[in-house]
Amino acid sequence: MACSSGLVLTKLPKNPPNRFGSGDFTFLEYRYGIMMGMIVPVVLAIIAAVFYAITNHIDKYLISKAVKNADYRALIIVSTIIAGGIMALVYVFVCNFQLTFDVQSILLLLANSVISVLALIFYFKALSRDDTTIIAIMFQLIPVFILLLS
């Protein structure tokens, strides 16, 4: 089978060993270390970044055009209710409708909710004052800052 670069994909005569034991690799997979299992995480990361960019632009539109006087408190309440409802449904289906509550879990969920709402306040305030692309870049750098500060 020929690929667009002119290289021919042929099976090697022997099964060369790979990281997971022995297996069949094509010439390109053996030569460049490209395994098909590594493509899926890259595609998922690209899809996540695209959805994050779309969300940023929708939020900027909602703050600048749809919400009067750039009052983002309503957006925080609506987004919290929607996210909480979706996560509650996911939790119920993952746990097979067996809900157990303990005090530690409830306190952790409450603390997580408060921190998330505070993050949304800063996010919407930043979106109302600056351009979407700059805010998206700054929020994508949060893991880097966490790594540097930890």
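**Terms and their grounds**

Author: Let us begin with a detail of the backbone: just after H3, Asn96 takes a positive phi of about 55°. The model is a predicted one.

Reader: What is the overall make-up of the protein chain in secondary structure?

Author: The protein chain holds 6 helices and 2 strands. Along the sequence, their order is β-β-α-α-α-α-α-α. Of its 150 residues, 14% count as buried. The accessible surface comes to about 12,000 Å², and carbon and sulfur atoms account for 73% of this area.

Reader: Why is Phe51 called exposed?

Author: Phe51 has a relative accessibility of 53%, and exposed means over 50%. Phe51 therefore counts as exposed. This residue is found in helix H2, which covers residues 39-66.

Reader: What makes the group of residues that includes Phe51 a nonpolar patch?

Author: A patch takes residues with over 30% relative accessible area and no salt bridge, and nonpolar side chains are joined within 5 Å. The surface patch here consists of Ile39, Val40, Val42, Val43, Leu44, Ile46, Ile47, Val50, Phe51, Ile54 and Ile58. Together they have about 980 Å² of accessible area.

Reader: How do you know that the span of H2 is close to the expected one?

Author: H2 has 28 residues, and 39 Å separates its first C-alpha from its last. The buried residues of H2 are Asn56, Asp59 and Ile63, and they pack against H3, H4 and helix H5 (132-140).

Reader: What does the corresponding calculation give for H3?

Author: Helix H3, residues 73-94, has 22 residues and reaches 31 Å between its first and last C-alpha, close to the expected 32 Å. Its buried residues are Leu75, Ile76 and Val92. These pack against H2 and helix H4 (103-129).

Reader: Why is Ile76 called buried?

Author: The relative accessible area of Ile76 is 7%, whereas buried means under 20%. Ile76 is therefore buried. Its place is in helix H3. Leaving aside residues up to four places away in sequence, Ile76 touches Val117, Leu120, Ile121 and Phe124. The C-alpha atoms of Ile76 and Val117 are separated by 7.0 Å, although the two lie 41 residues apart along the chain.

Reader: What makes the set that contains Ile76 a nonpolar core?

Author: Such a core is a set of buried nonpolar residues joined through side-chain atoms within 4.5 Å. The largest one has 9 residues: Ile63, Val67, Tyr72, Leu75, Ile76, Tyr123, Phe124, Leu127 and Ile135. H3 and H4 are the elements that give two or more residues to this core, and H4 gives the most, with 3 residues. As for Leu75, its contacts beyond four places in sequence are Leu62, Ile63, Val67 and Phe124.

Reader: How do you know that Thr132 is buried?

Author: Its relative accessible area is 5%, and the limit for buried is under 20%. Thr132 is therefore buried. Thr132 is found in helix H5. Not counting residues up to four places away in sequence, Thr132 touches Asn56, His57, Lys60 and Leu127.

Reader: Over the protein chain, what share of the contacts between residues at least 6 apart in sequence joins residues at least 24 apart?

Author: The share is 46%. A contact here means heavy atoms within 4.5 Å.

Key. Residues numbered from 1 in each chain as written. Predicted model: local features only at pLDDT ≥ 70, side-chain atom pairs only at ≥ 80, totals over all residues. Heavy atoms only, no water. Patch = residues over 30% accessible without salt bridge, like charges linked within 9 Å, V, L, I, M, F, W, Y side chains within 5 Å. Areas by Shrake-Rupley, 256 points an atom, 1.4 Å probe, with all protein chains shown as cover. Salt bridge = Lys/Arg side-chain N within 4 Å of Asp/Glu carboxyl O. Helix = DSSP H or I, 4+ residues; strand = E, 2+ residues; numbered from the N terminus. Buried < 20%, exposed > 50% of the residue type's maximum accessible area, 1.4 Å probe, protein only. Expected span 1.5 Å × (residues − 1).
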